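Walk through this model one region at a time.

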Amino acid sequence: MAGSSFTATVTVIGNTTTGNYPNGTATIYISSGGAFTTIGTVTLARVGGGDTSRGTITLNNRTPYLAIGSYELYAVYNPGGGSRYVTGSSSEEPLTVTAVTTTLTNSCLELFIGGCEASITPTAATGSVTFTVNGGTPTTEALNGGNALFAYTFGTDGETTYTVVATYVPSSIDYSASSA
């Protein structure tokens, strides 16, 4: 999901008959639309006493920023000093970045007191909430700390039943819209 971190693990397998393991680093790349970007390099460490080396790197999707969409990850093995192995690369592995799912709750106060409060989860979501009462004219209120307040005095218009719809309108493509 957008705004999340992910872990990439690279495993390099050496020659099983000699017990030699591949030392060095692995550089991880990401591609989208044919453009390749380096997202990190990890030093490989021997796994147990065998012929395998592994490196793990945790990456925040904002370095580089990964917008919602589909990508391909691949790694290139870079031999270290004294290594008996040559440079090699992996096949491409898919990575899909999706919008963060949001949940909106809406609660309104009793008749003649007035107003509604909508709360968004996660609270880091940015944007606004549009409130509509009984299908009327929408009113947009900014989110502040995960909450949007809508001032409305119920019961002064002769109605006794109200339907209030609150809709979260994200200001970033990292979050999905939601309604309550």
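Begin at strand β13. Its covered face holds A148 and F150, and its uncovered face holds N147 and L149. Strands here are DSSP runs of E, at least two residues long, and they are numbered from the N terminus.

This is a predicted model, in which local features need pLDDT of at least 70, side-chain atom pairs count only at pLDDT 80 or more, and totals for chains, interfaces and linings use all residues. Residues are numbered from 1 along each chain as its sequence is written, and side-chain values use heavy atoms, with hydrogens and water left out. The predictor's confidence in each residue, pLDDT, runs from 0 to 100. Its mean over the chain is 83, and 91% of the residues reach 70 or more. Among the elements of the chain, strand β12 (residues 139-142) has the highest mean pLDDT, 94. Strand β5 (residues 52-60) has the lowest, 75.

Which sheet does β13 belong to? It sits in an open sheet of 3 strands, ordered β9-β10-β13, with antiparallel pairing. Two strands pair if DSSP finds at least two bridges between them. The edge strands are β9 (103-108) and β13 (147-150), each pairing on one side only. Neighbouring strands are turned by 15° against each other on average, direction ignored. That angle is taken between axes, which are lines fitted to C-alpha atoms; angles run from 0 to 180 degrees between N-to-C directions.

Strand β10 (residues 116-121) runs antiparallel to β13, and 4 bridges join them. C116 stands opposite F150. E117 stands opposite L149. F150 is on the covered face of β13, whereas L149 is on the uncovered one.

Is S178 buried or exposed? It is buried, at 13% relative accessible area. Buried means under 20%, exposed over 50%, and partly exposed in between, with a 1.4 Å probe and protein chains only. The side chains of S178 and T102 make a polar contact of 2.9 Å. Such a contact is a pair of N or O atoms within 3.5 Å; within protein, one must be able to donate a hydrogen and the other to accept it, and residues adjacent in sequence count only if both atoms are side-chain atoms. Neighbours within four places in sequence aside, S178 touches T102, T103, L104, I120, A166, T167 and Y168. Contact here means heavy atoms within 4.5 Å.

The structure holds 7 aromatic pairs. Rings of Phe, Tyr and Trp (its six-membered ring) pair if their centres lie within 6.5 Å; planes under 30 degrees apart count as stacked, over 60 as edge-to-face and the rest as tilted. F36 and Y74 form an edge-to-face pair, 5.5 Å centre to centre, with 90° between the planes. F36 lies in strand β3 (residues 35-43) and Y74 in strand β6 (residues 69-79), 38 residues apart. F36 is partly exposed at 45% relative accessibility, whereas Y74 is buried at 18%.

Y152 and Y162 have ring centres 6.4 Å apart and planes at 75°, so this pair is edge-to-face. Both residues lie in the loop between β13 and β14 (164-170), 10 residues apart. Y152 is partly exposed at 25%, and Y162 is buried at 18%.
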